[in-house]
Amino acid sequence: MGSERQHAAMSGDANSPPTAGSTMQAIVRDAYGSADVLRLARITPPEIADNEVLLRVHAAGLDRGTWHLMTGRPYLLRLGFGIRKPKNPVTGREVAGTVVAVGSAVTRFSAGDQVFGIGQGSFADYAAAREDKLARKPANATFEQAAVVPVSALTALQALTDVGRVEQGQKVLVIGASGGVGTFAVQLAKAFGAEVTGVCSTTKLDLVRSLGADHVIDYTRDDFADGVHRYDLILDIAGNPAPSRLRRALAPTGTAVIVGGEEGGSLTGGMDRQLRALALSRFVRQRLTSFICKERSRDLERLTELIEAGKVTPSIDRTYPLDQVPEAMRHLVAGKARGKVAITI
């Protein structure tokens, strides 16, 4: 890595690469913990590898995975991100911005391009991102809208298509329909021709209806697994129903995809429920499965097409400035967010 492998961008203050010896604003943390560990600091801008670009960040998205990386829980994820403290002090993954420098092996982007995707430390003035984790920003989306797409919409897209194998006319149930992944899942399932039922709390029923859901279930009043309705595909997003409950709501040969999970012990988090579901799936006709989202540009490009076609619209609950990231994180953790939370840089 190093500046010798960076190609300078076009001239201009806002979208030019940082000069030698300069610093940038960033949200950093020196230890794992609650939102209290996050602080605004001035640090050295990142250097880029041959296959990376340097972005002048205009907006960043706040996803649940960033919360996990902040807390260091479940503990298994520390194997990849630092055992005792974070390897990378700058937090944030979802990003939208302007390319200001490119590595020597980069061929898809050049200085001045407006892009979105997944980067390293997006809660900062500048962030590095691999070329294969970026795509052209949708022309009809703001930077804030584009920034909240990457992680959440990729997860929803792959859960529906790669894993769930959604088909036109199927009945799809989205548990957690008002959250970051859920708001995209409802819209994507509708775009693929499914009949969609969303599960959420009372205060968020209107949001899920506005996303195009054909039916909504208030989980505080009704049980999606009452045996009356059966679904061809269930996306369980950050929920905690036992595999047996998911089966009661599934069609005889239906599929349930467990996406994430916030319950469980500190070591494995929700993964124990996923493992139980996978084991059970071997002995029943119904398919119970899970997956790890793949951060790839071709799926981001597909999302760009869907957004530009008006079939998917990012749902932003609130927007916070960079110095209020701790407050944004607390809002997310409290379960108050309707859709996504964006950070403006």
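Trainee: Does Thr 91 count as buried or exposed?
Mentor: This is a predicted model, in which local features need pLDDT of at least 70, side-chain atom pairs count only at pLDDT 80 or more, and totals for chains, interfaces and linings use all residues. Residues are numbered from 1 along each chain as its sequence is written, and side-chain values use heavy atoms, leaving out hydrogens and water. The classes are buried (under 20% relative accessible area), exposed (over 50%) and partly exposed in between, with a 1.4 Å probe and protein chains only. Because its relative accessibility is 4%, Thr 91 counts as buried.

Trainee: How far apart in space are Tyr 219 and Cys 200, C-alpha to C-alpha?
Mentor: Tyr 219 is in the loop between strand 11 and strand 12, and at a relative accessible area of 53% it is exposed. It touches Val 199, Cys 200 and Ser 201, not counting residues up to four places away in sequence. Tyr 219 and Cys 200 are 19 residues apart in sequence, while their C-alpha separation is 5.9 Å.

Trainee: How many of the 14 residues of helix 4 are buried?
Mentor: The buried residues of helix 4 include Pro 150, Leu 154, Gln 158 and Val 163. Helix 4 lies across strand 9, strand 12, strand 13 (250-259) and strand 14, running at about 145° to strand 13. Helix 4 is largely enclosed by the rest of the structure, because the number of its residues that are buried is 12.

Trainee: What is the orientation of helix 4 and helix 5 to each other?
Mentor: Helix 4 (residues 150-163) and helix 5 (residues 180-191) have axes 8 Å apart, packed at an angle of about 45°. The axes are lines fitted to C-alpha atoms over the stretch in contact, and angles run from 0 to 180 degrees between N-to-C directions. Angles under 35 degrees are roughly parallel, over 145 roughly antiparallel, 65 to 115 roughly perpendicular and the rest oblique. Helix 4 and helix 5 are therefore oblique.

Trainee: Which residues in helix 5 does helix 4 meet?
Mentor: From helix 4, the contact involves Ser 152, Ala 153, Thr 155, Ala 156, Leu 157 and Leu 160. Their counterparts in helix 5 are Gly 180, Val 181, Phe 184, Ala 185, Leu 188 and Ala 189.

Trainee: Which strands stand at the edges of the open sheet of six strands?
Mentor: The strand order is 11-10-9-12-13-14, with parallel pairing, where a pair needs at least two DSSP bridges. Each edge strand has a single partner, so one side of each is left without a neighbour in the sheet; these are strand 11 (215-218) and strand 14 (287-290).

Trainee: Which residue in strand 12 stands opposite Val 174?
Mentor: Strand 9 (residues 171-175) pairs with strand 12 (residues 231-237) in the parallel sense over four bridges. Opposite Val 174 stands Leu 235.

Trainee: What percentage of the 345 residues in the protein is buried?
Mentor: The protein has 10 helices and 16 strands. Among its contacts between residues at least 6 apart in sequence, 69% join residues at least 24 apart. The buried share of the 345 residues is 54%.

How values were computed
Helix = DSSP H or I, 4+ residues; strand = E, 2+ residues; numbered from the N terminus. Contact = heavy atoms within 4.5 Å.
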